[in-house]
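Hi,

Here is the structure I promised to pass on.

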Amino acid sequence: MAEPLPTLPDLRRMLTPGHLRDAAHRLALGIPMIDDVLGGGLPLGAVHELHPCRPLDHGAVSGFAGALAALLHNNKSGKQIVWIQHDYTAMEVGALYGAEFFGLPLSSLVVVHVPRVIDALWALEEALKCRAVDAVIAEIAEDGAVDLTATRRLALAARDGGGLGLLLHHRPSVTSSASATRWEIASAPGVRDAFGGLGRTTFALSLIKNRCGPCGCWTLAWDYHERAFFIPALPLGVAQTARDRSARARSARAA
Amino acid sequence: MWLRRLATDRLARGQHAPREEPFVVVAPVKSALRLVAVNGHAAHLGLTIGMALADARAMYPRLGCADADPDADQHLLSAVADWCDRYTPLVGIDLPDGLILEVTGCTHLFGGETLLCRDLVRRLNAQGFEVQAAVADTVGCAWGVAHYGVSALVPSGAERDSLAPLPLAALRLAPAVVDALARVGLKRIADVLDRPRAPLAARFGQELIRRIDQALGHEDEPITPRLPIPLYVAERRFADPILLEADVLGTIEFLAQELARLLERRGEGARRLQVALFRTDGKVYRTEVGTGAPLRDPARMRALFAERLAAVGEVCDPGFGFDVIRLSALVAERCDAEQTGLATPDHEAEFAHLVDRLGARFGLRRVVRLMPQDIHIPEFAISAVPAHAVTMSGHPGVQVVEQDSQGSVRPIRLFARPEPIEAIAEVPDGPPVRFKWRRVMHDVAYAEGPERIAMEWWRDDQGRTLTRDYFRIESRAGARVWVYREGLYGRETAEPRWFLHGLFA
């Protein structure tokens, strides 16, 4: 009796590298729509690439990377986060500044300034291998050095260390790489809050490469008070800001 | 130790001067060119230091000469001093052309004082230096014997006998004092040694008595070392020079084990380590690494130096190989042994090691933590502090920032220099409706502000630093930026300028 032919999802699962299939090592974004596509969340122990859609979206790329790191830091044991900054990108689009407004505690953030792209890749690999690091974020100004071989090394290092590697490109990159996912990030017009403020940071994400499933486009908002992503479909500003935060205010005053 | 022909040796080594012919170095002294250094052949011809070049040329028309370069001579002397580090860590420079080595406790490593002295002279001769060296119990005696004496080794207690026949200049006296003593018939050290001290001091100055005391060991004379004396040292010598980086690193680890034993005995750990690589041809490379926490683990020391050597690799050319490698701890701190769990991995130590390695590669100042400061001027509100200098407990931690806005109030990326933009505002002190940054026009969809930040009056440069009105702006495409208008319209300036200071997410 012939075995039933495997279906397309089965084949895809068989082709996915083993460590990316493991559901335990994932960072769930908390949005079922996206987590399903990713197979339960963003795979940890892997490298992901992020790049801006337009020149003014560099802030959004850093913000999304910071939000992912904060989410991970919040969920896990609270180990260290390493942010590797290439001197060129610091000059071109500004140095990392208000990370704590993104939910990244400064006490567990180390910033490394590197002069060359090769140094950034080396530092990224070293930091990924270290088991005391939750997430490593590296900004790369040019794509020439980031080829398949380099990203393969990074992917292996990330697999050993089990941390989350985020590679922030300065401009949309077209070179092939061994990363697990690749995201194009733009900032999207936000929903104003009840007080007439700008409201939550809103991202327009497009997943343009995914080794474990299909791609897609979403709009997400990040709430740094709650350290969580939301779908900004409805203007929920009123309900959110009306929440009782007296305990937080007390602790702030005590501090 | 006296490099008696330093200037001419330097030129001969660089092949700017013939070694086998008379050669002199001249410098203008009182508007005449006079000889300041002569080589061996020139000395045999009877040329002496201080002679005018014209006189020397009259005697020997084909005499070669070059201009003096005291800086180059001093540089060479420091290089030789570096090289002499192989004998003892305490090397002092005796300008203009001498070195003082404190070899107490080091001689047995070379088979005794005589052999050490002979080894030093032989090696320096091979490098093209003419050297006169002497070993004695006091600096003064060694100096005198090296410059004027014959025997290289003065046994302990024999200072008096060996100094007695030497001329008075061997006491390191000023030429004027030597002249004055010569005028009254005192020419040798023996002539003054047994004379009553009070009349000598009264007539020729206290300096003479002090120099005699120093030479005989009645008065202590400290040596000023060129380099800081390391707290702990381990070193290894090779009969055959080693070339490969793997061998160098292997040796460093071996030395680190030795150093770790020394450190452990005193309950300390190294905060700053230095490796000195002595190349066979006399060049010495020194590389330092700092650590975030007191360190004793040999494998980690090796890893740090592996990074450091990789970072400075091109500079550190092995040439024909290294024959001495020395590892020293320059700064050490108390380091108590810690009980670590068997099951749980030690994340804190692992991370400290990562920071050390990144620091060894890029420099400790490039691996930083961001520290919030009690200043409201945005550029200074967060400062970068080297990560190895901040302890986890010392960090102020998360600052709870309460705000009404659900967006962040400070940008995630800040420009070190605010970028000028062209902005059009509806009213002079209102937010912009359109701005042009890097030649691209952006329409403003929404603006939050102003947040007025005035410069601190006590740092205010006579009112020239202007108040800033910051706006958080969302462009029509959704990008958020932080812009400010410099100067209050009508009060501080008639034409306020606009700047873009940061990017929000």
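Below is what turned up, going from the contact between the chains to the parts within each.

It is a predicted model, so local features need pLDDT of at least 70 and side-chain atom pairs count only at pLDDT 80 or more, while totals for chains, interfaces and linings use all residues. Residues are numbered from 1 along each chain as its sequence is written, and chains are lettered from A and ligands numbered from 1 in the order in which they are written.

Let's start with the interface. Here 58 residues of chain A are in contact with 52 residues of chain B (contact: C-beta atoms, placed from the backbone, within 7 Å). On the chain A side, the elements that each supply at least two residues include helix 4 (58-75), helix 6 (117-129) and strand 10 (201-210). That side divides into 29 nonpolar, 19 polar and ten charged residues (Ala, Val, Leu, Ile, Met, Phe, Trp, Tyr, Cys and Pro count as nonpolar, Asp, Glu, Lys and Arg as charged, and the others, Gly among them, as polar). Helices (H or I, at least four residues) and strands (E, at least two) are DSSP runs, numbered from the N terminus.

Within chain A, the axes of helix 6 and helix 7 (residues 148-161) come within 7 Å and cross at roughly 20° (axes are lines fitted to C-alpha atoms, for helices over the stretch in contact, and angles run from 0 to 180 degrees between N-to-C directions). The two helices of chain A are therefore roughly parallel (angles under 35 degrees). Among the residues making the contact are Leu121(A) and Leu124(A) of helix 6 and Leu154(A) and Ala157(A) of helix 7.

Over in chain B, an open sheet of three strands has the order 3-2-4, with mixed pairing. Strand 3 (32-38) and strand 4 (64-67) of chain B are at the edges with a single partner strand each, so one side of each has no neighbour in the sheet. From one strand to the next, the twist averages 40°. Strand 2 (residues 23-29) and strand 3 of chain B run antiparallel, joined by six bridges, and Val29(B) stands opposite Ala32(B).

Cheers

Key:
Pairing = 2+ DSSP bridges. Contact = placed C-beta atoms within 7 Å. Parallel < 35°, antiparallel > 145°, perpendicular 65-115°, else oblique.
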